[in-house]
Amino acid sequence: MASAMTPQPARASKNAARLDALLAEIRACRICRDTPSGPALPHEPRPVLRASATARLLIAGQAPGVRVHQSGAPFTDPSGDRLRQWMDVDVDTFYDASRISIVPMGFCFPGWDAKKGDLPPRSECRAHWHDRLFAALPAIETILVVGAYARDYHFTRLGLDWSRKETLTTTVRRWREFQHSTPRIIPLPHPSWRNSGWLKANRWFESELLPVLRREVLQAVGKRGGDSCMPN
Ligand code: SF4
């Protein structure tokens, strides 16, 4: 463990090395294939996340869909397009891991239910990885909490005032209450097309919350990047 006497750059590089080692462990994870706590994943695991010791902004998401499973990069789908539009960031900025960490509640695509909807994030991820990972991300100042699964975990972890009976709409409506938490929290609905009706029914989201979200993002990531191209 770094002592108080350890010079700052040395401590930073030690933390970064520790985080890199943890990320390598996560990317090699095959728990849901080899020792799952329920039914095994119906496909080969492919953990998808991005994190760095320098990013001040964290996008705490749900789980990859099939497109992200295929691309290997988070939010390479219409949900990502909508999220980037909400945040007002271009693709280069969004995928700059030195500025934005993207950590979903399940790292692998969980498969589909009988109606071809995505299954919930795998609970094994939360049980094995999340506490360790967030302990290794001390630079995070702002968390965009996307969807109910991320809300349940992060609000509990950070001891925020919320109830399990609370709908996500209620939590998002209470966004002003979390502006002064440490780290600052902005609860968001999932940017999926399935929530287009929700967005129409809750116009305040666009008029009141999005301007604050954009300000917060700009402050956390600094200047926006240049040209946009999707990551490989
Ligand atoms: S979902 Fe999480 S726990 Fe399961 S194999 Fe992928 S990384 Fe491992």
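Q: Which residues have the most contacts inside the largest nonpolar core?
A: This is a predicted model, where local features need pLDDT of at least 70 and side-chain atom pairs count only at 80 or more, while totals for chains, interfaces and linings use all residues. Numbering runs from 1 along each chain as its sequence is written. A nonpolar core here is a set of buried Ala, Val, Leu, Ile, Met, Phe, Trp, Tyr and Cys residues joined through C-beta atoms within 7 Å, and buried means 20 or more other C-beta atoms within 10 Å (exposed is 12 or fewer, partly exposed in between; C-beta atoms are placed from the backbone). The largest such core has 47 residues, and the ones with the most contacts inside it are Leu 58, Ala 60, Leu 144 and Val 145.

Q: Which helix gives the largest share of the shell around the ligand?
A: Of the 14 residues around the ligand, Cys 29, Cys 32, Pro 45, Cys 108 and Cys 125 come nearest. Helix H2 (31-34) and helix H6 (123-135) are the elements that give two or more residues. The largest share, three residues, comes from H6.

Q: Is Glu 25 buried, exposed or partly exposed, and why?
A: Glu 25 sits in helix H1 (residues 8-27). Because Glu 25 has 14 C-beta neighbours inside 10 Å, it counts as partly exposed.

Note on methods
A residue is near a molecule or strand if its C-beta atom, placed from the backbone, lies within 6 Å of it. Helices (H or I, at least four residues) and strands (E, at least two) are DSSP runs, numbered from the N terminus.
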